[in-house]
Amino acid sequence: MVDHVTSRWGIWVLISLRSNDLRFYELRNSIQGISEKMLAQTLRALVQDGLIWREVEPTTPPQVTYGLSEFGQDVSEPLTDLFDRITRRLSPHSPG
């Protein structure tokens, strides 16, 4: 589970789902550089670990929505905080 959470794409998926539930293509568009195959593998692992949930709407084509489970919210909170600290540090307006 730790490998999935701390993987390059696992972190981005958890951070992307912090504020909203998203469909597959919304997630793909929110994570720059991820392929469909890698996103599908990452989502499958995070669902299996109980960090995110997956809901399939019986439409044609099926619409699949992903969101953070309660456990996923707990895990992603410090990741989001860490990400925010790093991006503030890298901001062109920040000293240092």
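This briefing covers a sheet, the helix packed on it and an aromatic pair. The model is predicted: local features need pLDDT of at least 70, side-chain atom pairs count only at pLDDT 80 or more, and totals for chains, interfaces and linings use all residues. Residues are numbered from 1 along each chain as its sequence is written, and side-chain values use heavy atoms, with hydrogens and water left out.

**Sheet**

- Three strands form an open sheet in the order E1-E3-E2, with antiparallel pairing.
- Strand E1 (22–23) and strand E2 (52–57) are the edge strands, each pairing on one side only.
- Strands (E, at least two residues) and helices (H or I, at least four) are DSSP runs, numbered from the N terminus.
- Two strands pair if DSSP finds at least two bridges between them.
- E2 and strand E3 (residues 63–68) run antiparallel and are joined by six bridges.
- Glu57 has Gln63 in E3 as its bridge partner.

**Helix H4 on the sheet**

- Helix H4 (residues 36–48) packs on the sheet and touches E2 and E3.
- The direction of H4 makes about 110° with that of E2.
- Axes here are lines fitted to C-alpha atoms, for helices over the stretch in contact; angles run from 0 to 180 degrees between N-to-C directions.
- The 13 residues of H4 should span 18 Å at 1.5 Å a residue, and the end C-alpha atoms are 18 Å apart, which agrees.
- The expected span is 1.5 Å times one less than the number of residues.
- Just after H4, Gly50 takes a positive phi of about 85°.

- Leu39, Thr42, Leu43, Ala45 and Leu46 are the buried residues of H4.
- They cover an arc of only 165° around the axis, so they sit on the same side of H4.
- The arc is that of the directions from the helix axis to the C-beta atoms.
- Buried means under 20% relative accessible area, exposed over 50%, and partly exposed in between (1.4 Å probe, protein chains only).
- The face turned away from the buried side carries the exposed residues Lys37, Arg44 and Gln48.
- Thr42 is buried, at 9% relative accessible area.
- Leaving aside neighbours within four places in sequence, Thr42 is in contact (heavy atoms within 4.5 Å) with Trp9, Gly10 and Val13.

**Aromatic pair**

- The structure holds one aromatic pair.
- Phe24 and Tyr25 form this pair, edge-to-face, at 5.3 Å centre to centre with 80° between the planes.
- Rings of Phe, Tyr and Trp (its six-membered ring) pair if their centres lie within 6.5 Å; planes under 30 degrees apart count as stacked, over 60 as edge-to-face and the rest as tilted.
- Phe24 is buried, at 16% relative accessible area, whereas Tyr25 is partly exposed, at 47%.
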